[in-house]
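Reader: I'd like to learn how to read strands and sheets from a model. Could we go through one together?

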Amino acid sequence: MYRKAGINIGDPRGFGGHVWIDMWAPVSIAEDVLMGGYTFILTHTWMGTPKVEGVTIKRGAQIGVRVIIMPGVTIGVAATVGAGSVVTHNVPDYAVVAGSPARLLRMKK
Ligand SMILES: CC(C)(COP(=O)(O)OP(=O)(O)OC[C@H]1O[C@@H](n2cnc3c(N)ncnc32)[C@H](O)[C@@H]1OP(=O)(O)O)[C@@H](O)C(=O)NCCC(=O)NCCS
């Protein structure tokens with residue numbers, strides 16, 4: 001893992017282009033994560049209830065293309081997030097979620 005300006009990124013399985021991560025609170029991306037292109041990882045919002053909270057993506061998680069991950073969210077070990085999802089709540093380990101807001105489709109185990 002290396003640390004730079006509040007972001008920890010482990011050795012990824014793959015990272016798409018144009019992934020955008022804001023820098024208001026710490027972001028931790030574990031090893032072996034697959035990250036689809038055009039994904040936004042947000043750690044702050046002034047709209048609605050103001051919030052500044054970090055995001056954690058755990059080992060082996062798979063994030064589809066064009067996903068938006070909202071402040072404070074943790075994505076669990078080996079979880080999958082469908083393309084185009086808006087993730088507003090924590091995603092359990094081994095869950096498959098999709099949609100806006102992202103809902104549980106199934107558990108891998
Ligand atoms: C979420 C995903 C993993 C689910 O795959 P799956 O388990 O094979 O699920 P299915 O295709 O059988 O779909 C199950 C249901 O979820 C819905 N669904 C699937 N993907 C969805 C998505 N991205 N957003 C919203 N709903 C989705 C389907 O419409 C279906 O709903 P229904 O039962 O009402 O018809 C997959 O559809 C996906 O989005 N993969 C990511 C693709 C991607 O971004 N690839 C690039 C990676 S670098």
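Reader: Okay, which residue stands opposite M107 in β17?

Author: Keep in mind that this is a predicted model. In general, strands of a sheet pair through backbone hydrogen bonds, either parallel or antiparallel. Here A95 stands opposite M107 in β17. β16 and β17, residues 103-107, run antiparallel and are joined by four bridges.

Reader: And how many residues lie between β16 and β17 in the hairpin?

Author: Four residues sit between the two strands of that hairpin. Look at G99 in the turn, too: its phi is positive, about 105°.

Reader: What does β14 pair with, and in which sense?

Author: β14 (residues 80-81) pairs with β16 in the parallel sense, over two bridges. V81 has V97 as its bridge partner in β16.

Reader: In what order do the strands of the four-stranded open sheet come?

Author: The order is β4-β7-β12-β15, with parallel pairing. β4 (20-21) and β15 (86-87) are at the edges with a single partner strand each, so one side of each has no neighbour in the sheet. Further in, two bridges join β7 (residues 40-41) to β12 (residues 68-69), and I41 stands opposite I69 in β12.

How values were computed. Residues are numbered from 1 along each chain as its sequence is written. This is a predicted model: local features need pLDDT of at least 70, side-chain atom pairs count only at pLDDT 80 or more; totals for chains, interfaces and linings use all residues. Two strands pair if DSSP finds at least two bridges between them.
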